[in-house]
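Please read the points below alongside the model.

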Amino acid sequence: MSEPDDHYAALDVAPDAGAREIRDAWRFRIAAFHPDRFRDAAQRERAQEITKRVNAAWHVLGDPARRSRYDARRTRRARARTEPAGPPPRPRRELPCPTCASRCRVDDAGGAVVELACPACGARFPAMIGAYCLGRPRLQRRWLGLRYEAVFADAAGGRRSVSFRSLPPELALSEGELFSVVFDARTGRPAYAIVHGTGLDMAWRVR
């Protein structure tokens, strides 16, 4: 179900999620995407959109009676739709170019690292697209100083560790977050970190 009122998708929980899981998902997103945490006007506006969807989802799924009626409507809609021919298309992701910051729309790669070409400036760069964060990043001491080490899983079950020199305070990485990293083609270091929400990709400049 991909309608704008897909409350389970807004909270990123399964339709059979328990009441506690739904409440925890709502609390996390309200804290992580509170508009006051964002200085950039565009990101603040996106955060407000997320907050509205999350609160609307909680209003329905947090009440047993409303959730029961919603589930019944959701089931009827699912039965009314015909099965698509062939496999469903892969989601599209928006990633910024590390050279000119133009946004590139690309297919989700299930956490694999692929090489992209910016349609605006033509620069080529690697990116890890559509991975899942495993736990929270850990601050570790390296011979060049402190680094944040984050571990990500791809669709095939493989794991990849990415090292960040610093992470912005607005970036709330948590278990299960759908994530992409754009790397600088020259140094191989992370240039952008992107969190993927429902129809929304939020990017932060990192190093």
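**Notes on the predicted model**

1. R66 is partly exposed at a relative accessible area of 33% (buried is under 20%, exposed over 50%, partly exposed in between; 1.4 Å probe, protein chains only). R66 forms a salt bridge with D63, with the closest N and O atoms 3.8 Å apart (a side-chain nitrogen of Lys or Arg within 4 Å of a carboxyl oxygen of Asp or Glu). D63 is also partly exposed, at 25%.

2. This is a predicted model, in which local features need pLDDT of at least 70 and side-chain atom pairs count only at pLDDT 80 or more, while totals for chains, interfaces and linings use all residues. Residues are numbered from 1 along each chain as its sequence is written, and side-chain values use heavy atoms, without hydrogens and water.

3. The structure has 11 salt bridges. One of them joins D71 and R67 at 3.9 Å, N to O; both residues lie in helix 4, 4 residues apart, about one turn of the helix. R67 is buried at 14% relative accessible area, whereas D71 is partly exposed at 26%.

4. D108 and R93 form a salt bridge with closest N and O atoms 2.8 Å apart. D108 is in the loop between strand 2 (103–107) and strand 3 (113–117) and R93 is in strand 1 (residues 92–96), so the pair ties together parts 15 residues apart in sequence. D108 is buried at 10% relative accessibility, and R93 is buried with a relative accessible area of 10%.

Key. Helices (H or I, at least four residues) and strands (E, at least two) are DSSP runs, numbered from the N terminus.
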